[in-house]
Amino acid sequence: MKRLSGRGIRNLIGSTLLVGTMMIPTVGVAMTLSPGEKQNGVILEETGQLASGDFVLESDNSLYDVYEFSGEAGQTVVITMTSDEFDTYLGLLGPSGDVVAENDDSNGTTDSEIVVTLPSSGTYTVIANAYDQTGRGSYSLIVE
Ligand SMILES: [Ca+2]
Ligand SMILES: [Ca+2]
């Protein structure tokens, strides 16, 4: 079974740093949501492509794109990645680069969904990945 944790994650972190991740201080941000309460509204909505030239996960040579969003501790987010062209794989890295959640298949399809309550405040990185190295084509990613 595929996992982003372990050997693969070191490669993910190294690649993410190349993107130029910036930590945005969240000191002084007022909490308007109760812990665990779902935030309404779309945080990120992207249509992307996995294609030659994208990042490559060294553990299995699968392609991936990265997207970042700012999250707060206790905030619940739903991340969905869907594609008609390949088997998706989704990962979420926390502000310190650790794997917070990952998902291969959901809802009886090969598409991926993560529902998670964020453990800390900071910049989160979504890994829009394919299940294996053959996966390429267009996909949709939504964070809400
Ligand atoms: Ca891409
Ligand atoms: Ca999948």
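This is a predicted model: local features need pLDDT of at least 70, side-chain atom pairs count only at pLDDT 80 or more; totals for chains, interfaces and linings use all residues.
Modeller: Local features need pLDDT of at least 70, and side-chain atom pairs count only at pLDDT 80 or more, while totals for chains, interfaces and linings use all residues. Residues are numbered from 1 along each chain as its sequence is written, and chains are lettered from A and ligands numbered from 1 in the order in which they are written.

Biologist: What makes β4 and β9 a pair?

Modeller: Two strands pair if DSSP finds at least two bridges between them. Strand β4 (residues 76-82) and strand β9 (residues 137-143) have 4 bridges, so they count as paired, in the antiparallel sense. I79 has V143 in β9 as its bridge partner.

Biologist: Why are β1 and β7 edge strands?

Modeller: The open sheet of 4 strands has the order β1-β9-β4-β7, with antiparallel pairing. β1 (44-50) and β7 (112-117) each have a single partner strand, so one side of each lacks a neighbour in the sheet. The twist averages 15 degrees from one strand to the next. Axes for such angles are lines fitted to C-alpha atoms, for helices over the stretch in contact; angles run from 0 to 180 degrees between N-to-C directions.

Biologist: Which strands form the open sheet of 5?

Modeller: The order is β2-β3-β8-β5-β6, paired antiparallel. β2 (55-57) and β6 (99-103) stand at its edges, because each has a single partner strand. Neighbouring strands there are turned by 30 degrees against each other on average, direction ignored.

Key
Helices (H or I, at least four residues) and strands (E, at least two) are DSSP runs, numbered from the N terminus.
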